[in-house]
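User: Could you walk me through how to read the helices in a model like this one? Let's take one feature at a time.

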Amino acid sequence: MTAIAIVTMRSILSVVMLSGIYSLISATLFIILDAPDVAFTEAAVGAVISTVLFLSAFAITGKHQTLTRKNHWIAIFVVVVTGAGLLYSTTDMPPFGAPDAPVQQHVAPRYLSQAETEIGIPNVVTAVLSSYRGYDTFGEVVVVFTALIAVLLLLGRKKGSSGEGNS
Amino acid sequence: MRRNPILREISHFLLPAIMLFALYVQFHGEYSPGGGFQAGVIFASAIILFAILHGDKKAENVLSLGLAKVLAAIGVLLYGGVGIASMLLGGNFLDYDALAEDPITGQLWGILLIEAGVGITVATVIIAIFYTFSKYKD
(Lines give C-alpha, C1' and ligand atoms only; values in the text may rest on other atoms or scores of the structure.)
Protein backbone atom coordinates (compact mmCIF):
# COMPACT_ATOMS: atom_id res chain seq x y z
CA MET A 1 0.00 0.00 0.00
CA THR A 2 2.87 2.33 0.77
CA ALA A 3 4.33 1.43 -2.60
CA ILE A 4 1.10 2.43 -4.37
CA ALA A 5 1.11 5.72 -2.49
CA ILE A 6 4.72 6.31 -3.59
CA VAL A 7 3.79 5.83 -7.23
CA THR A 8 0.80 8.16 -7.13
CA MET A 9 2.43 10.87 -5.02
CA ARG A 10 3.48 14.06 -6.80
CA SER A 11 5.63 15.76 -4.20
CA ILE A 12 9.04 14.17 -4.08
CA LEU A 13 9.40 15.08 -0.43
CA SER A 14 6.47 12.88 0.55
CA VAL A 15 7.77 10.14 -1.70
CA VAL A 16 11.05 10.13 0.22
CA MET A 17 9.25 10.00 3.56
CA LEU A 18 7.05 7.17 2.33
CA SER A 19 10.00 5.17 1.00
CA GLY A 20 11.57 5.48 4.44
CA ILE A 21 8.41 4.07 5.96
CA TYR A 22 8.40 1.36 3.30
CA SER A 23 11.93 0.35 4.31
CA LEU A 24 10.91 0.23 7.95
CA ILE A 25 7.98 -2.05 7.11
CA SER A 26 10.30 -4.29 5.07
CA ALA A 27 12.67 -4.42 8.03
CA THR A 28 9.83 -5.65 10.23
CA LEU A 29 9.02 -8.22 7.58
CA PHE A 30 12.63 -9.47 7.61
CA ILE A 31 12.43 -9.81 11.40
CA ILE A 32 9.32 -11.95 11.01
CA LEU A 33 11.22 -14.06 8.47
CA ASP A 34 14.01 -14.58 11.05
CA ALA A 35 16.61 -12.53 9.19
CA PRO A 36 17.76 -9.96 11.77
CA ASP A 37 21.00 -9.22 9.91
CA VAL A 38 19.12 -8.13 6.81
CA ALA A 39 16.52 -6.27 8.87
CA PHE A 40 19.32 -4.35 10.55
CA THR A 41 20.75 -3.24 7.24
CA GLU A 42 17.36 -2.40 5.78
CA ALA A 43 16.38 -0.25 8.76
CA ALA A 44 19.70 1.59 8.89
CA VAL A 45 20.37 2.04 5.18
CA GLY A 46 16.88 2.13 3.71
CA ALA A 47 15.09 4.08 6.38
CA VAL A 48 17.81 6.42 7.63
CA ILE A 49 20.77 6.91 5.31
CA SER A 50 19.03 6.91 1.95
CA THR A 51 16.33 9.25 3.27
CA VAL A 52 18.97 11.69 4.48
CA LEU A 53 20.89 11.44 1.21
CA PHE A 54 17.71 12.02 -0.82
CA LEU A 55 16.86 15.03 1.29
CA SER A 56 20.30 16.53 0.80
CA ALA A 57 20.00 15.81 -2.90
CA PHE A 58 16.84 17.96 -2.95
CA ALA A 59 18.75 20.87 -1.61
CA ILE A 60 20.73 20.65 -4.84
CA THR A 61 17.94 19.88 -7.31
CA GLY A 62 14.34 20.81 -6.57
CA LYS A 63 11.38 19.56 -4.64
CA HIS A 64 8.91 18.92 -7.44
CA GLN A 65 8.89 16.65 -10.37
CA THR A 66 7.94 17.97 -13.79
CA LEU A 67 4.93 16.06 -14.96
CA THR A 68 4.59 14.37 -18.30
CA ARG A 69 0.94 13.62 -18.78
CA LYS A 70 1.44 11.10 -21.54
CA ASN A 71 0.37 7.54 -20.95
CA HIS A 72 3.22 5.20 -21.74
CA TRP A 73 1.34 2.22 -23.05
CA ILE A 74 4.42 0.28 -24.10
CA ALA A 75 5.93 0.66 -20.63
CA ILE A 76 2.70 -0.46 -18.96
CA PHE A 77 2.50 -3.42 -21.34
CA VAL A 78 6.07 -4.51 -20.56
CA VAL A 79 5.51 -4.17 -16.82
CA VAL A 80 2.27 -6.14 -16.87
CA VAL A 81 3.72 -8.93 -19.00
CA THR A 82 6.84 -9.21 -16.82
CA GLY A 83 4.77 -9.16 -13.65
CA ALA A 84 2.41 -11.82 -14.98
CA GLY A 85 5.37 -13.96 -16.00
CA LEU A 86 6.94 -13.64 -12.56
CA LEU A 87 3.66 -14.48 -10.83
CA TYR A 88 3.19 -17.48 -13.12
CA SER A 89 6.69 -18.77 -12.38
CA THR A 90 6.23 -18.50 -8.61
CA THR A 91 3.65 -21.28 -8.81
CA ASP A 92 6.49 -23.59 -9.84
CA MET A 93 8.65 -22.70 -6.86
CA PRO A 94 8.91 -24.98 -3.86
CA PRO A 95 6.88 -23.87 -0.84
CA PHE A 96 8.54 -21.41 1.55
CA GLY A 97 11.03 -23.12 3.86
CA ALA A 98 10.76 -26.51 2.15
CA PRO A 99 13.78 -28.60 3.18
CA ASP A 100 14.13 -30.21 -0.27
CA ALA A 101 14.25 -26.92 -2.16
CA PRO A 102 17.36 -26.58 -4.38
CA VAL A 103 18.59 -23.60 -2.38
CA GLN A 104 18.77 -25.76 0.75
CA GLN A 105 20.59 -28.58 -1.04
CA HIS A 106 23.61 -26.85 -2.54
CA VAL A 107 26.12 -25.37 -0.09
CA ALA A 108 23.77 -24.32 2.71
CA PRO A 109 23.92 -27.60 4.67
CA ARG A 110 27.71 -27.50 4.69
CA TYR A 111 27.75 -23.88 5.87
CA LEU A 112 25.23 -24.63 8.61
CA SER A 113 26.94 -27.77 9.88
CA GLN A 114 30.59 -26.83 9.40
CA ALA A 115 30.67 -23.10 10.19
CA GLU A 116 31.00 -23.68 13.91
CA THR A 117 33.99 -26.00 13.57
CA GLU A 118 35.68 -24.44 10.54
CA ILE A 119 35.32 -20.78 11.39
CA GLY A 120 34.70 -20.97 15.11
CA ILE A 121 32.04 -18.28 15.42
CA PRO A 122 28.37 -18.86 16.24
CA ASN A 123 26.80 -16.38 13.81
CA VAL A 124 26.59 -18.28 10.52
CA VAL A 125 25.63 -15.15 8.59
CA THR A 126 28.88 -13.45 9.55
CA ALA A 127 30.82 -16.63 8.82
CA VAL A 128 29.36 -16.90 5.32
CA LEU A 129 29.69 -13.20 4.55
CA SER A 130 33.22 -12.65 5.67
CA SER A 131 34.86 -16.01 5.26
CA TYR A 132 33.18 -18.35 2.79
CA ARG A 133 32.08 -15.48 0.57
CA GLY A 134 34.94 -13.17 1.35
CA TYR A 135 35.50 -12.34 -2.31
CA ASP A 136 31.93 -11.10 -2.69
CA THR A 137 32.15 -8.92 0.39
CA PHE A 138 35.43 -7.49 -0.86
CA GLY A 139 33.66 -6.65 -4.09
CA GLU A 140 30.89 -4.93 -2.16
CA VAL A 141 33.36 -2.79 -0.24
CA VAL A 142 35.04 -1.80 -3.49
CA VAL A 143 31.63 -0.89 -4.92
CA VAL A 144 30.92 1.34 -1.93
CA PHE A 145 34.30 2.97 -2.37
CA THR A 146 33.65 3.45 -6.09
CA ALA A 147 30.38 5.19 -5.23
CA LEU A 148 32.33 7.69 -3.17
CA ILE A 149 34.73 8.30 -6.04
CA ALA A 150 31.81 8.84 -8.42
CA VAL A 151 30.13 11.33 -6.09
CA LEU A 152 33.38 13.19 -5.59
CA LEU A 153 34.00 13.36 -9.34
CA LEU A 154 30.50 14.70 -10.00
CA LEU A 155 29.98 17.04 -7.07
CA GLY A 156 33.28 17.26 -5.27
CA ARG A 157 35.02 20.06 -7.09
CA LYS A 158 34.66 23.63 -5.96
CA LYS A 159 32.18 25.70 -7.91
CA GLY A 160 33.70 27.94 -10.53
CA SER A 161 37.07 26.26 -10.44
CA SER A 162 36.54 24.43 -13.70
CA GLY A 163 33.16 25.40 -15.08
CA GLU A 164 30.14 23.11 -14.81
CA GLY A 165 30.87 19.96 -12.92
CA ASN A 166 27.24 19.05 -12.42
CA SER A 167 25.23 16.42 -14.18
CA MET B 1 18.84 24.21 13.55
CA ARG B 2 19.63 26.71 16.24
CA ARG B 3 15.98 27.00 17.20
CA ASN B 4 15.57 23.43 18.32
CA PRO B 5 16.89 23.15 21.87
CA ILE B 6 14.92 19.98 22.60
CA LEU B 7 16.37 18.11 19.63
CA ARG B 8 19.85 19.29 20.47
CA GLU B 9 19.61 18.28 24.12
CA ILE B 10 18.21 14.86 23.28
CA SER B 11 20.95 14.34 20.72
CA HIS B 12 23.51 14.88 23.48
CA PHE B 13 22.11 11.80 25.18
CA LEU B 14 21.57 9.84 21.99
CA LEU B 15 24.87 10.38 20.17
CA PRO B 16 27.12 8.49 22.62
CA ALA B 17 24.56 5.69 22.78
CA ILE B 18 24.39 5.41 18.98
CA MET B 19 28.17 5.35 18.66
CA LEU B 20 28.54 2.80 21.42
CA PHE B 21 25.89 0.67 19.76
CA ALA B 22 27.78 0.91 16.47
CA LEU B 23 30.93 -0.37 18.17
CA TYR B 24 28.94 -3.16 19.81
CA VAL B 25 27.48 -4.20 16.46
CA GLN B 26 30.97 -4.06 14.95
CA PHE B 27 32.77 -6.20 17.48
CA HIS B 28 29.94 -8.45 18.55
CA GLY B 29 29.00 -9.34 14.98
CA GLU B 30 30.34 -12.86 15.39
CA TYR B 31 27.80 -13.64 18.08
CA SER B 32 24.78 -11.48 17.35
CA PRO B 33 23.26 -10.00 14.21
CA GLY B 34 25.34 -7.33 12.56
CA GLY B 35 28.83 -6.77 11.33
CA GLY B 36 31.03 -4.20 9.71
CA PHE B 37 28.49 -2.96 7.22
CA GLN B 38 25.72 -2.35 9.73
CA ALA B 39 28.12 -0.85 12.25
CA GLY B 40 29.51 1.53 9.65
CA VAL B 41 26.06 2.72 8.70
CA ILE B 42 25.04 3.26 12.33
CA PHE B 43 28.24 5.16 13.08
CA ALA B 44 27.76 7.31 9.99
CA SER B 45 24.19 8.08 11.02
CA ALA B 46 25.47 9.36 14.37
CA ILE B 47 27.86 11.76 12.62
CA ILE B 48 25.15 12.82 10.17
CA LEU B 49 22.74 13.51 13.05
CA PHE B 50 25.40 15.68 14.63
CA ALA B 51 26.01 17.48 11.34
CA ILE B 52 22.29 18.13 10.82
CA LEU B 53 21.83 19.53 14.32
CA HIS B 54 25.02 21.52 14.75
CA GLY B 55 25.99 22.36 11.18
CA ASP B 56 28.62 20.88 8.91
CA LYS B 57 31.35 23.15 10.23
CA LYS B 58 31.32 21.63 13.70
CA ALA B 59 30.96 18.12 12.31
CA GLU B 60 34.00 18.67 10.11
CA ASN B 61 35.96 19.60 13.20
CA VAL B 62 35.21 16.11 14.47
CA LEU B 63 35.84 14.27 11.23
CA SER B 64 36.86 16.27 8.19
CA LEU B 65 36.08 15.39 4.59
CA GLY B 66 39.74 14.87 3.78
CA LEU B 67 40.20 12.48 6.69
CA ALA B 68 37.03 10.61 5.69
CA LYS B 69 38.38 10.13 2.14
CA VAL B 70 41.69 8.81 3.45
CA LEU B 71 39.97 6.46 5.91
CA ALA B 72 37.67 5.13 3.19
CA ALA B 73 40.72 4.14 1.15
CA ILE B 74 42.41 2.68 4.23
CA GLY B 75 39.39 0.44 4.88
CA VAL B 76 39.52 -1.04 1.38
CA LEU B 77 43.28 -1.44 1.64
CA LEU B 78 42.92 -3.18 5.01
CA TYR B 79 40.51 -5.69 3.51
CA GLY B 80 42.69 -6.24 0.46
CA GLY B 81 45.78 -6.31 2.66
CA VAL B 82 44.38 -9.19 4.68
CA GLY B 83 43.86 -11.03 1.41
CA ILE B 84 47.42 -10.32 0.27
CA ALA B 85 48.78 -11.25 3.68
CA SER B 86 47.04 -14.61 3.60
CA MET B 87 48.54 -15.17 0.15
CA LEU B 88 52.03 -14.30 1.39
CA LEU B 89 51.59 -16.69 4.30
CA GLY B 90 50.92 -19.54 1.93
CA GLY B 91 47.15 -19.64 1.54
CA ASN B 92 44.78 -18.46 -1.16
CA PHE B 93 43.56 -14.87 -1.44
CA LEU B 94 41.39 -14.15 1.64
CA ASP B 95 42.06 -17.63 3.02
CA TYR B 96 42.24 -16.73 6.71
CA ASP B 97 43.39 -20.19 7.76
CA ALA B 98 46.91 -19.17 6.83
CA LEU B 99 46.96 -16.12 9.11
CA ALA B 100 47.77 -18.04 12.28
CA GLU B 101 49.07 -21.43 13.36
CA ASP B 102 45.60 -22.59 14.26
CA PRO B 103 42.96 -22.23 11.50
CA ILE B 104 40.26 -21.12 13.96
CA THR B 105 42.48 -18.33 15.33
CA GLY B 106 43.37 -17.37 11.79
CA GLN B 107 39.70 -17.17 10.87
CA LEU B 108 38.95 -15.02 13.91
CA TRP B 109 41.78 -12.61 13.07
CA GLY B 110 40.81 -12.48 9.43
CA ILE B 111 37.16 -11.81 10.15
CA LEU B 112 38.00 -9.20 12.79
CA LEU B 113 40.30 -7.33 10.42
CA ILE B 114 38.13 -7.43 7.34
CA GLU B 115 35.04 -6.45 9.33
CA ALA B 116 37.04 -3.49 10.64
CA GLY B 117 37.93 -2.63 7.04
CA VAL B 118 34.31 -2.88 5.95
CA GLY B 119 33.12 -0.78 8.90
CA ILE B 120 35.69 1.98 8.34
CA THR B 121 35.01 2.18 4.62
CA VAL B 122 31.22 2.15 4.85
CA ALA B 123 31.07 4.73 7.65
CA THR B 124 33.50 7.16 6.07
CA VAL B 125 32.10 6.77 2.56
CA ILE B 126 28.61 7.66 3.74
CA ILE B 127 29.89 10.58 5.80
CA ALA B 128 31.98 11.84 2.88
CA ILE B 129 29.05 11.57 0.46
CA PHE B 130 26.88 13.49 2.91
CA TYR B 131 29.47 16.26 3.27
CA THR B 132 29.92 16.48 -0.49
CA PHE B 133 26.17 16.80 -1.04
CA SER B 134 25.71 19.48 1.56
CA LYS B 135 28.82 21.38 0.45
CA TYR B 136 27.66 21.50 -3.15
CA LYS B 137 24.61 23.64 -2.43
CA ASP B 138 26.55 26.45 -0.76
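**Reading the helices**

Analyst: Going along the sequence, chain A has the pattern α-α-α-α-α-α-α-α. Helices here are DSSP runs of H or I with at least four residues, strands are E runs of at least two, and both are numbered from the N terminus. This is a predicted model, where local features need pLDDT of at least 70, side-chain atom pairs count only at pLDDT 80 or more, and totals for chains, interfaces and linings use all residues. Residues are numbered from 1 along each chain as its sequence is written, with chains lettered from A and ligands numbered from 1 in the order in which they are written.

User: How many helices and strands does chain A have?

Analyst: Eight helices and zero strands.

User: What do I look at when two helices pack?

Analyst: Two packed helices are described by the angle between their axes and the distance between the axes. Take α2(A) (residues 12-32) and α3(A) (residues 36-60): the angle is about 175° and the axes are 7 Å apart. Axes are lines fitted to C-alpha atoms, for helices over the stretch in contact, and angles run from 0 to 180 degrees between N-to-C directions. α2(A) and α3(A) are therefore roughly antiparallel, a label for angles over 145 degrees.

User: Which residues of α2(A) and α3(A) meet?

Analyst: Among them are Val16(A), Leu24(A) and Phe30(A) from α2(A), and Ala43(A), Phe54(A) and Leu55(A) from α3(A). Contact means that the C-beta atoms, placed from the backbone, lie within 7 Å.

User: How do I read which side of a helix faces inward?

Analyst: An α-helix has 3.6 residues a turn, so residues three or four places apart point the same way. In α8(A), the buried residues are Gly134(A), Thr137(A), Phe138(A), Val141(A), Val144(A), Phe145(A) and Leu148(A). They cover an arc of only 120° around the axis, which puts them on the same side of α8(A); the arc is that of the directions from the helix axis to the C-beta atoms. On the other side, exposed residues include Tyr135(A), Asp136(A) and Leu153(A). Buried means 20 or more other C-beta atoms within 10 Å of the residue's own, exposed means 12 or fewer, and partly exposed is in between, with C-beta atoms placed from the backbone.

User: And where does chain A touch chain B?

Analyst: α3, α7 (124-132) and α8 (134-155) of chain A each supply at least two residues to that side. The most come from α3(A), with 14 residues. Overall, 37 residues of chain A contact 43 of chain B.

Technical notes:
Angles under 35 degrees count as roughly parallel, over 145 as roughly antiparallel, 65 to 115 as roughly perpendicular and the rest as oblique. Two residues are in contact if their C-beta atoms, placed from the backbone, lie within 7 Å.
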